[in-house]
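Hello,

Please find the structure below. My notes on its interfaces follow it.

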Protein chains: 2
Amino acid sequence: MIDRMETRRKSSIGRPRGFDTEEALERAMRVFWEQGYEGASLADLTNAMGITRTSMYAAFGNKEDLFRKALERYTEGPASYADRAQREPTARQVATAFLNGSVWATTRPGCPAGCFGVQGSLAAGDPGRSARDALIAWRNEGTLRLCGRFQRAIDEGDLPPDTDPELLARYLMTVANGIAVQAASGATRDELQQVADMALRSWPPA
Amino acid sequence: MIDRMETRRKSSIGRPRGFDTEEALERAMRVFWEQGYEGASLADLTNAMGITRTSMYAAFGNKEDLFRKALERYTEGPASYADRAQREPTARQVATAFLNGSVWATTRPGCPAGCFGVQGSLAAGDPGRSARDALIAWRNEGTLRLCGRFQRAIDEGDLPPDTDPELLARYLMTVANGIAVQAASGATRDELQQVADMALRSWPPA
DNA sequence: GCACATCTGAATCGATCGGTACGGAAGGGG
DNA sequence: CCCCTTCCGTACCGATCGATTCAGATGTGC
């Protein structure tokens, strides 16, 4: 009852866990991704994970914790393009990689269409408010990281000194969010790639 | 039991309704807008509407019908900027009015932040799937109408003949959807107006 | 005033919600 | 081997879900 909600086990004594927590989390992530926090019931989740309620609670804590861990996995998995984009050498390449990555991630065959960080919980009632707030923070952190990267680009002379890094970051995040919504609406990868290309046409000249 | 789900009453006999259906629908719209279809419980809705469950069912049918009627009201109310934008004389003015309107509508003081057509139901489980599909259709219809408007602009010589009207329409809808998500994330009207202005910089020259 | 259609409110429906308690099964350390 | 810890499946918890039923109140048309 103390800290059993940790995914990692603290000792090797006792019967070992009978399922792969990483794979179970992957399955849970996809359910949240597809149905959202409030739309995903415990029955949906445990069914997809292939385990019982009890095992889920022992391994992950509760539904909210499971959602947060699924978000972490999403960040390091399908959304890892964001991290990679940050490491591109120029601001323009960062922007291009970021939008291309968002197109790619939101239209991956075999994965739900759209972005976990958007449709996981955009609006919610009381019980799902904490999940919604977690995603709001997640999106805003992404914007902030982009902003910091563009500030660096300004300092390095890669962008004009009168550039507004916040605007650039918010612009990119806005387009990426829109791409996610469009992907959830059935837009294809090709169509969204064209949109991303067009969005980059308003990027400040290198 | 036949068609009592109509908002309009078919006869004047009997006890008249004790509440204003339009105002009740307005209140319901805001609840769906703020909490989404699945996040809005009957208790939330009827509480905000100031009526009982029974009155709601008698006047609107059921939760799903109420949602559809709320969407109609949203279309003709807060989202009426889309219709108005279509009637602008040039394609560029259409695009400008559309994005400006979306910024304005998603950040209206006294209204929930964001767009009903996006956060009303972006992802959902089985029970909310029909609401989700209704909003998908709603967004795609908006794109289609923009596309038709830009096709007309091409025919009129307002846009170059090699323009892809679908791409322009999808681009605008993508940016508007992104603006909605950003508004739901706490972005201010000024910030989003800057984003909209920047998005229009990639518009084909007049 | 009468008869009737409709509205209203409370009580209730079965189903499902997220979350738990319990007991048997199963594996590791001595 | 035994003990002990942990896992796992079932059955169940109170609360809430959307939806309905029913009696009583209320207003309209005759």
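**Two domains and two chains**

An automatic or database assignment divides chain A into domain 1 (21–74) and domain 2 (78–202). Please keep in mind that this is a predicted model.

**Between the domains of chain A**

The C-alpha centres of domain 1 and domain 2 of chain A are 25 Å apart. At their interface, 15 residues of domain 1 of chain A are in contact with 25 residues of domain 2 of chain A. The size of an interface is often given as the accessible area lost when the parts come together. For these two domains of chain A the buried area is about 1700 Å², and carbon and sulfur atoms account for 67% of it. Which residues of domain 1 of chain A lose the most area to domain 2 of chain A? They are A:W33, A:L71 and A:Y74, which together make up 48% of what the domain 1 side buries.

Between domain 1 and domain 2 of chain A there are zero salt bridges, but nine residue pairs are in polar contact, both residues at pLDDT 80 or more. On the side of domain 1 of chain A that touches domain 2, the elements giving two or more residues are helix 1 (21–39) and helix 4 (63–76) of chain A. Helix 1 of chain A gives the largest share, eight residues. By class, this side of domain 1 of chain A has eight nonpolar, one polar and six charged residues.

**Between chain B and chain A**

Here 42 residues of chain B are in contact with 42 residues of chain A. The two chains bury about 3500 Å² between them, with 63% coming from carbon and sulfur atoms.

How many salt bridges are there between chain B and chain A? The count is two. In a salt bridge between the chains, the side chain of B:R170 meets that of A:E191, with 3.3 Å from N to O. Polar contacts between chain B and chain A number 15 residue pairs, again with both residues at pLDDT 80 or more.

Five helices of chain B each supply at least two residues of the side that touches chain A: helix 1 (21–39), helix 7 (116–119), helix 8 (129–155), helix 9 (165–184) and helix 10 (189–199). The largest share, 13 residues, comes from helix 9 of chain B. Sorted by class, the side of chain B that touches chain A has 21 nonpolar, 13 polar and eight charged residues.

Regards

Conventions
Residues are numbered from 1 along each chain as its sequence is written. Chains are lettered from A and ligands numbered from 1 in the order in which they are written. This is a predicted model: local features need pLDDT of at least 70, side-chain atom pairs count only at pLDDT 80 or more; totals for chains, interfaces and linings use all residues. Side-chain values use heavy atoms; hydrogens and water are left out. Contact means heavy atoms within 4.5 Å. Buried area is the accessible area (1.4 Å probe) that two parts lose on being put together, summed over both. A salt bridge is a side-chain nitrogen of Lys or Arg within 4 Å of a carboxyl oxygen of Asp or Glu. A polar contact is a pair of N or O atoms within 3.5 Å; within protein, one must be able to donate a hydrogen and the other to accept it, and residues adjacent in sequence count only if both atoms are side-chain atoms. Helices (H or I, at least four residues) and strands (E, at least two) are DSSP runs, numbered from the N terminus. Ala, Val, Leu, Ile, Met, Phe, Trp, Tyr, Cys and Pro count as nonpolar, Asp, Glu, Lys and Arg as charged, and the others, Gly among them, as polar.
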